[in-house]
Amino acid sequence: MWLDRIKRMTFDRPAFDPAQAVALARKTFEIEAAAVLGMGERIGPEFTDAVQAILRCSGRVVVMGMGKSGHIGRKIAATLASTGTPAMFVHPGEASHGDLGMITSADVVLAISNSGESAELSAILPTLRRLQVMLVALTGSAQSSLAQHADMVLDTSVAQEACPLNLAPTASTTAQLAMGDALAVALLQARGFKPEDFARSHPGGALGRKLLTRVADVMRQGQAVPAVRPDASLGELMREMSVKGLGAAAVTDAHHRLLGIFTDGDLRRLIETGVDLRAMQAADVMHANPRTLMASALAVDAAALMEQHRITSVLVTDAAGQLCGALNSNDLLRAKVI
C-alpha cells in the first residue's frame with residue numbers, strides 16, 4: 001500500500017522544467033517590480049498625512065494584519081521600531097479577546113489588509129473608532145470596510161499577483177512591505193535619525209559594535225598596561241613587554257605622563273644595528289610623542305589608526321597626557337570591532 005502511494009506521488013507529479021522555473025522567476029520579479037513602481041506613481045497627500053500623524057503620535061504605532069498581511073505587519077513594526085518610531089504588532093484575532101487593551105487613544109493603528117475585509121480586523125474597527133484611535137489603512141481596496149473606517153488610506157493595490165493562479169498573496173504583500181518601508185524611511189528622515197541612533201537599538205550587531213564600542217570598553221588598564229620609567233634598563237623594558245604581552249611598552253615620567261613608546265619592531269631594528277644593548281635605557285630607545293587616542297574615542301577609530309599607520313598597538317591618554325590604557329589589534333578582534 002505504501003509503495004503504491006509513493007509511486008503515485010512520484011509519477012503523478014509533472015516533470016520539472018528548469019527553463020520554465022527560470023521564466024516564472026523572471027515573471028515574478030517583473031510583476032512585483034511593476035506593483036511597487038505603480039504605487040510610486042499613485043502616492044500622494046495621504047502618505048504625507050500618515051507620516052505627519054505618526055510624527056505627532058505620543059504613543060506607539062500599533063500594526064495589525066491577518067495571515068500573510070500579518071507577517072508583513074510584524075516586519076513593518078520591527079522596521080519602524082528599529083528606526084526611531086516606537087511600534088508593536090497586535091494580532092487582530094487576539095485583539096478581540098483582550099489585546100485591545102494594549103491600544104490607547106494616544107496610538108496610531110496601521111491596519112493591513114489587501115481586500116480590506118478581513119473578518120478579524122472588521123470586528124474591531126468599531127471599537128477602534130470609539131477609542132478615537134487614528135487609523136491608517138494599507139489596503140488594495142478603496143471601497144472596503146477597512147478603508148471606510150480609516151482616517152487615511154494608503155493604496156497598495158496591484159494589477160495581479162505573481163502567483164500563476166493569481167491567488168497566493170505575492171505582489172500584494174510585496175507592495176505592503178514596500179509601503180511600510182517607505183513610511184519608515186520618511187519617518188527616520190523627518191526625525192533626524194542617525195547611524196548612532198540605529199546602533200543603539202542594535203547593540204548586538206556589527207554596526208552596533210562599531211558605533212557604540214569605545215576605546216575605554218576594550219582597552220587594557222592599570223597593571224595590565226606595560227610601562228616603565230625613562231631610566232629603566234633595556235632588559236627591564238623587554239621583560240615588561242614580555243609579561244604584559246602587548247608587543248609594546250610605554251615610557252612615562254614620575255607623574256605617569258607619557259613620554260614615548262618602544263615596540264617589538266623597534267627591538268628587532270635595534271638588534272640589526274649591532275649596537276651594545278646592555279648599557280641602554282628606555283629613554284635611549286623610545287620613540288617620543290607616539291600616536292595616542294582618548295578613552296572616549298570609538299574603538300573603530302583605533303582600528304583605523306592602526307591600519308593607516310601599519311601599527312598593531314596604540315596607547316591611550318587623558319586630556320593631561322597621562323597614560324590611562326593601551327590596546328592592540330587582538331583586543332579589537334576579541335571585541336568583534338574588526
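Helices are taken here as DSSP runs of H or I that hold at least four residues, numbered from the N terminus. Helix 8, in this predicted model, covers residues 171–190 and includes Ser 172. With a relative accessibility of 2%, Ser 172 counts as buried, because the cut-off for that class is under 20%. When neighbours within four places in sequence are left aside, the contacts of Ser 172 are with Asn 114, Val 158 and Glu 161. Thr 173 is also found in helix 8, and its relative accessible area of 12% places Thr 173 among the buried residues. Apart from residues up to four places away in sequence, Thr 173 touches Lys 68 and Ile 72.

At the level of the whole chain, the model contains 16 helices and 12 strands. The radius of gyration is 32 Å, well over the 20 Å that the globule rule gives for 338 residues, so the chain is more spread out than a compact globule. Along the principal axes, the C-alpha atoms occupy a box of roughly 90 × 60 × 40 Å. Of the 338 residues, 39% count as buried, and the accessible surface of the chain amounts to about 18400 Å², with 55% of that area belonging to carbon and sulfur atoms. Where contacts join residues at least 6 apart in sequence, 64% of them link residues at least 24 apart. As for charge, the chain carries 32 positive and 33 negative side chains, and the centres of these two sets lie 3 Å apart.

Helix 13 spans residues 264–273, and within this helix Gly 265, Asp 266, Leu 267 and Leu 270 are buried. The elements that cover these buried residues include helix 12 (234–244) and strand 8, together with helix 14 (282–285) and strand 9 (287–288). The helix is followed by Gly 274, which has a positive phi, near 80°.

Most residues other than glycine have a negative phi. Ala 254 belongs to the loop between strand 7 (248–252) and strand 8 (258–263), and at 59% relative accessibility Ala 254 counts as exposed. The C-alpha atoms of Ala 254 and Leu 177 are separated by 64 Å, these residues being 77 apart along the chain. A further positive value is found at Asn 289, a residue other than glycine with phi near 50°. Asn 289 is placed in the loop between strand 9 and strand 10 (292–294), where its relative accessible area of 74% makes Asn 289 exposed.

Cysteine pairing was examined over the whole structure, and the search finds 0 disulfides. With regard to individual cysteines, Cys 163 has a relative accessible area of 13% and is therefore buried, whereas Cys 324, at 27% relative accessibility, counts as partly exposed.

Key: Residues numbered from 1 in each chain as written. Predicted model: local features only at pLDDT ≥ 70, side-chain atom pairs only at ≥ 80, totals over all residues. Heavy atoms only, no water. Disulfide = S-S within 2.5 Å. Buried < 20%, exposed > 50% of the residue type's maximum accessible area, 1.4 Å probe, protein only. Helix = DSSP H or I, 4+ residues; strand = E, 2+ residues; numbered from the N terminus. Rg over C-alpha atoms; globule rule 2.2 N^0.38 Å. Contact = heavy atoms within 4.5 Å. Areas by Shrake-Rupley, 256 points an atom, 1.4 Å probe, with all protein chains shown as cover. Lys, Arg positive; Asp, Glu negative; His and termini not counted. Charge placed at Lys NZ, Arg CZ, Asp CG, Glu CD.
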